[in-house]
Amino acid sequence: MNDIENRCKELLTKNGINLNSEIDFDINGDIHTLSFEYIIDTFMMASDSSKTAFLAALQKASESKNEGVRKFFEGMGQLLLITHLSKKIETA
């Protein structure tokens, strides 16, 4: 686990937010469930500058407490799913 990933996860736990919290996304009637930890882990595979931007955005979202963090992870989860689905379409 890298330093930025640790800082993201520590930020959540310090604010009393469970890493296993989940968000459901309905895509054409199919439900996809992503945990906060999965979203963090996936974004930590990006470039160093992207990781830093992710952490900065999460820190900003945490200033709004749980609601800001939830909206942040909803947006990041949507981005992951859109990216995943667009890659599936390209290969089809």
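Before you start, note that the model is predicted, with local features needing pLDDT of at least 70, side-chain atom pairs counting only at pLDDT 80 or more, and totals for chains, interfaces and linings using all residues. Residues are numbered from 1 along each chain as its sequence is written, and side-chain values use heavy atoms, leaving out hydrogens and water.

**Stop 1: helix H2**

Select residues 36-43, which make up helix H2. Helices here are DSSP runs (H or I, at least four residues), numbered from the N terminus. Phe36, Ile39, Ile40, Thr42 and Phe43 are buried in H2, where buried means under 20% relative accessible area, exposed over 50% and partly exposed in between (1.4 Å probe, protein chains only). Look down the axis: the buried residues of H2 fall within an arc of 165°, so they line one face of the helix. The arc is taken from the directions from the helix axis to the C-beta atoms.

**Stop 2: helix H3**

Now move to residues 48-62, helix H3. Color Lys51, Phe54, Leu55, Leu58, Ala61 and Ser62, which are buried. They cover an arc of only 125° around the axis, which puts them on the same side of H3. Turn to the other side of H3 and you will find Ser49 and Lys60 exposed.

**Stop 3: the aromatic rings**

Show the Phe side chains next. The structure holds 4 aromatic pairs; rings of Phe, Tyr and Trp (its six-membered ring) pair if their centres lie within 6.5 Å, and planes under 30 degrees apart count as stacked, over 60 as edge-to-face and the rest as tilted. Phe36 and Phe73 are stacked, at 4.2 Å centre to centre with 5° between the planes. This pair links Phe36 in helix H2 to Phe73 in helix H4 (residues 65-91), 37 residues apart. Phe73 is buried, at a relative accessible area of 0%. The rings of Phe43 and Phe54 are also stacked, because their centres are 5.0 Å apart and their planes are at 25°. Select Phe36, Phe43, Phe54, Phe72 and Phe73 together to see the cluster that ring pairs make of them.

**Stop 4: the salt bridges**

Finally, show the charged side chains. There are 8 salt bridges in the whole structure, each a side-chain nitrogen of Lys or Arg within 4 Å of a carboxyl oxygen of Asp or Glu. Select Glu37 and Lys9, whose side chains meet at 3.3 Å, N to O. Glu37 lies in helix H2 and Lys9 in helix H1, so the pair ties together parts 28 residues apart in sequence.

Key:
Helices (H or I, at least four residues) and strands (E, at least two) are DSSP runs, numbered from the N terminus. The expected span of a helix is 1.5 Å times one less than its number of residues.
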